[in-house]
Amino acid sequence: MSIPNAAGGARVSGPTDRAIATVVLLVEDDPSIRDAIAPYVQREGWELRWARSVTEARGAIEEQAPAVALIDRGLPGESGDALAPQLRQLEIPFMMLTARAEEAQRLSGFDLGADDYVTKPFSAPELMRRVGVLLRRQGAPRIHLSSEIELDREARSVRVHGRDAALTSTQYALLERLARRPGRVYTRGDLAELLDLDLETSERTIDSHVKNIRKKLRDVGAQDPLIETIVGAGYTLRSAR
């Protein structure tokens, strides 16, 4: 049974309110899509919240930020694309759902900051696997940035083939921030603000930290430190190929 939420959508399935739930927000006007994935979300122990429009989705996000959002690009009225800036600002990973499979459509979705792109019709079990990947990237205590580099959130350390790169606390925080959203371009100002650094000297400070991170990773054997400079924009953590 659906329980109305404050956004006008519905809390479809998942743990009781007393549990600490992993919320998956589905922004989709077609109830058959909701019904198709709800059992799989529940099986994973997550909570599915359903919004039928961009307006409902914004209300749901204000009520409780989801762990991940699944957005239909073809919503009636305002397109699901309109949610991308808010989700990027809040650093909520999101996946685009659409019936359009053209390469240009997929690329435009990634340009908006989407972490993944799934075309309809899709397999619900496969969709859940993709959601699981995004959730692990966000909250896993250990993240394998590549086959050689591992970031350990509990120890606040980074290792290359098991060897500690001995990053400073600020260097670790910068790399961990980039690792949350591989492929997203962060300006130097973004990183300075996120790390509470002096904005007046942020460009030189961030550049220096990135240079030192790369050097320390290479010093313990990394062939590819993965941090890529985007000329005129900032930095991104490139996904390992």
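In the predicted model, S157 touches E150, L151, D152, D164 and Y172, leaving aside residues up to four places away in sequence. S157 belongs to strand 10, which covers residues 157-160. With a relative accessible area of 10%, S157 is buried, because the limit for this class is under 20%. The side chain of S157 also makes a polar contact, at 3.1 Å, with the side chain of R159.

Strand 10 also contributes to the largest nonpolar core, a set of 26 residues. Within this core, the residues with the most contacts are L145, V158, L175, L217, I227 and L237. Two or more residues each come from strand 9 (149-152), strand 10, helix 6 (169-180), helix 8 (202-219) and strand 13 (234-237). Helix 6 gives the most, with 5 residues. For I227, the residues touched are L175, L178, V210, I213, R214, Y235, T236 and L237, again not counting residues up to four places away in sequence. Another core, of 20 residues, lies apart from the largest one and includes I33, W50, L97 and L135.

Charged side chains were examined next. Side chains of opposite charge can pair when their charged atoms come close. The count of salt bridges in the model comes to 18. One of them joins E78 to R58, with the closest N and O atoms 3.5 Å apart. E78 lies in the loop between strand 5 (68-72) and helix 3 (84-90), whereas R58 is in helix 2 (residues 54-63), so the pair ties together parts that are 20 residues apart in sequence. E78 counts as partly exposed, at 39% relative accessibility, and R58 is also partly exposed, at 30%.

A salt bridge also connects the side chains of R73 and D81, with an N to O distance of 2.9 Å. R73 is buried, with a relative accessible area of 10%, while D81, with 22%, is partly exposed. The assignments follow from the 20% limit, because buried residues fall under it and partly exposed residues lie between it and 50%.

R238 forms a salt bridge with E228, and the closest N and O atoms of this pair are 3.6 Å apart. This pair links distant parts of the chain, 10 residues apart: R238 is in the segment after strand 13, and E228 is in strand 12 (residues 227-230). E228 is partly exposed, with a relative accessible area of 30%. Finally, a network of salt bridges links E28, D72 and K120.

How values were computed. Residues are numbered from 1 along each chain as its sequence is written. This is a predicted model: local features need pLDDT of at least 70, side-chain atom pairs count only at pLDDT 80 or more; totals for chains, interfaces and linings use all residues. Side-chain values use heavy atoms; hydrogens and water are left out. Helices (H or I, at least four residues) and strands (E, at least two) are DSSP runs, numbered from the N terminus. Buried means under 20% relative accessible area, exposed over 50%, partly exposed in between (1.4 Å probe, protein chains only). A polar contact is a pair of N or O atoms within 3.5 Å; within protein, one must be able to donate a hydrogen and the other to accept it, and residues adjacent in sequence count only if both atoms are side-chain atoms. Contact means heavy atoms within 4.5 Å. A nonpolar core is a set of buried Ala, Val, Leu, Ile, Met, Phe, Trp, Tyr and Cys residues joined through side-chain atoms within 4.5 Å. A salt bridge is a side-chain nitrogen of Lys or Arg within 4 Å of a carboxyl oxygen of Asp or Glu.
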